[in-house]
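Visitor: Please put the sequence and the model on the screen. I will then ask about individual residues and about the ligand.

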Amino acid sequence: MTTSETLRNTSKDTLRNVLTRLEKEGAALGHFNVSDQVLLKAVIAAATETKLPVLIGASEGEREFFGARQLAALVKSERQECDVPIFLNADHTHSLAKALEAAKAGFDAVTIDFSALPFEENVARTREAVQAIKAVNPVILAEGEIGDIGTGSEIKETAQGGKLSTPEEARQFVEATGIDNLAPAVGNMHGMLKSMVQGNAKKHLDLERIAQIKKAAGVFLTLHGGSGTDDEHFRKAIAAGINIIHINTELRVAWRESLDKSLARDTNEVVPYKILRPVVDSVKQVVSSRLRLFHGRPVSREVVGTVA
Ligand code: G3H
Ligand code: ZN
């Protein structure tokens, strides 16, 4: 069996299997959000280029724009031609109805997000959603979120986020909800400050807390708000127990900057695929660099860091 055959999205390669294998290898699965086919093409091209598995994510807003069933159908079709495992996550899902919609559409995972509610309510609503999606398909991985890391993968003026998650909260939450993976607040934050986009500042994580939460929770851990995080902190966070890393704003920044450049290159150009091809390429470079980092491979400095 060749390496690419072992990585192929076979029925054995469930998301759980891939996460277990990566954990043993000291690596994490990259989760990249998509809003349209340009971003989707870029993420799949990066997975193909690096020969590394990816988790494609779409939040409720992104799913509304793309179409949840349409995205699932496209990913299913891409899977048949791709040599590496590609999975699909219904990111930041705030209702039972949307969780069920994604489960029925064929998503591999659902990020159930009631983290804005008081802890007990978060537990109750998450548990209900876990049971509902597992009844549709028990193989779907259910993620739950605790703590406050702010909202929106956007460029921000000021830092967001509140109290960090504790190991005891993590243990109680996992036990009471039956989730497969937990997304805690460990110094991470959704979005990027302007200084981060310029490459002048980085996010730093509470690495000790990650290790303690991993021990207490005993499940896969997801790091949200990955954009703009210090490379060394990513490496150490993976060693401390992070299994999935979400990146969105970095892709959006690369998308916007390359689209601006592409449009400015020739104001008479009206052929969409000529305008959009360089955009796919720019986003692909960001995704490939992050994937290499999450798998302990050398990273090209000119791509990640300035984000441009
Ligand atoms: O769920 C999506 C992410 O947590 C992305 O966060 O935009 O800071 O990379 P980010
Ligand atoms: Zn997130």
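**Residues and ligand surroundings**

Visitor: How does Arg-235 count by relative accessibility: buried, exposed or partly exposed?
Guide: Arg-235 has 37% relative accessibility. Buried means under 20% relative accessible area and exposed over 50%, with partly exposed in between (1.4 Å probe, protein chains only). Because of its 37%, Arg-235 counts as partly exposed.

Visitor: What pLDDT do side-chain atom pairs need in order to count?
Guide: Residues are numbered from 1 along each chain as its sequence is written, while chains are lettered from A and ligands numbered from 1 in the order in which they are written. Side-chain values use heavy atoms, without hydrogens and water, and this is a predicted model in which totals for chains, interfaces and linings use all residues, local features need pLDDT of at least 70, and side-chain atom pairs count only at pLDDT 80 or more.

Visitor: What distance separates the C-alpha atoms of Arg-235 and Ala-27?
Guide: Arg-235 belongs to helix 11, residues 231–240; helices (H or I, at least four residues) and strands (E, at least two) are DSSP runs, numbered from the N terminus. Arg-235 and Ala-27 are 208 residues apart along the chain. Their C-alpha atoms are separated by 8.6 Å.

Visitor: Where does ligand 1 sit?
Guide: A pocket is an open set of points on a 1 Å grid over the protein atoms alone, where a 1.4 Å probe fits and protein lies on both sides within 12 Å along at least five of seven lines. A molecule sits in a pocket if more than half of its atoms lie within 2 Å of the pocket's grid points. For ligand 1, that site is the largest pocket.

Visitor: Which elements give two or more residues to the shell around ligand 1?
Guide: One of these elements spans residues 86–93 and another spans 242–247. They are strand 3 and strand 10.

Visitor: Which residues come nearest to ligand 1?
Guide: A residue is near a molecule if one of its heavy atoms lies within 4 Å of it, and there are 16 residues around ligand 1. The shell divides into 2 nonpolar, 12 polar and 2 charged residues, where Ala, Val, Leu, Ile, Met, Phe, Trp, Tyr, Cys and Pro count as nonpolar, Asp, Glu, Lys and Arg as charged, and the others, Gly among them, as polar. The nearest are Asp-91, Ser-153, Gly-225, Ser-227 and Thr-249.

Visitor: How much of ligand 1 does the protein bury?
Guide: A polar side-chain atom of Asp-91 lies 2.5 Å from an oxygen atom of ligand 1, and an N or O atom in the side chain of His-190 is 3.0 Å from an oxygen atom of the ligand. Gly-225 places a backbone N or O atom 2.7 Å from a ligand oxygen. Taken alone, ligand 1 exposes 300 Å² (Shrake-Rupley method, 1.4 Å probe). The part of this area that the protein buries is 99%.

Visitor: Which side chain makes a polar contact with that of Ser-153?
Guide: Ser-153 lies in the loop between strand 5 (141–145) and strand 6 (155–156). At 16% relative accessibility, Ser-153 counts as buried. At 3.3 Å, the partner of the Ser-153 side chain is that of Asn-248.

Visitor: How far apart in space are Glu-128 and Leu-96, C-alpha to C-alpha?
Guide: Glu-128 lies in helix 7, residues 119–136, and is partly exposed at 41% relative accessible area. In sequence, Glu-128 and Leu-96 are 32 residues apart. In space, their C-alpha separation is 7.8 Å.

Notes
Polar contact = N/O pair within 3.5 Å; in protein donor to acceptor, adjacent residues only side chain to side chain. 1 Å grid on protein atoms, 1.4 Å probe; cavity = no way out; pocket = protein on both sides within 12 Å on 5 of 7 lines; lining within 4 Å.
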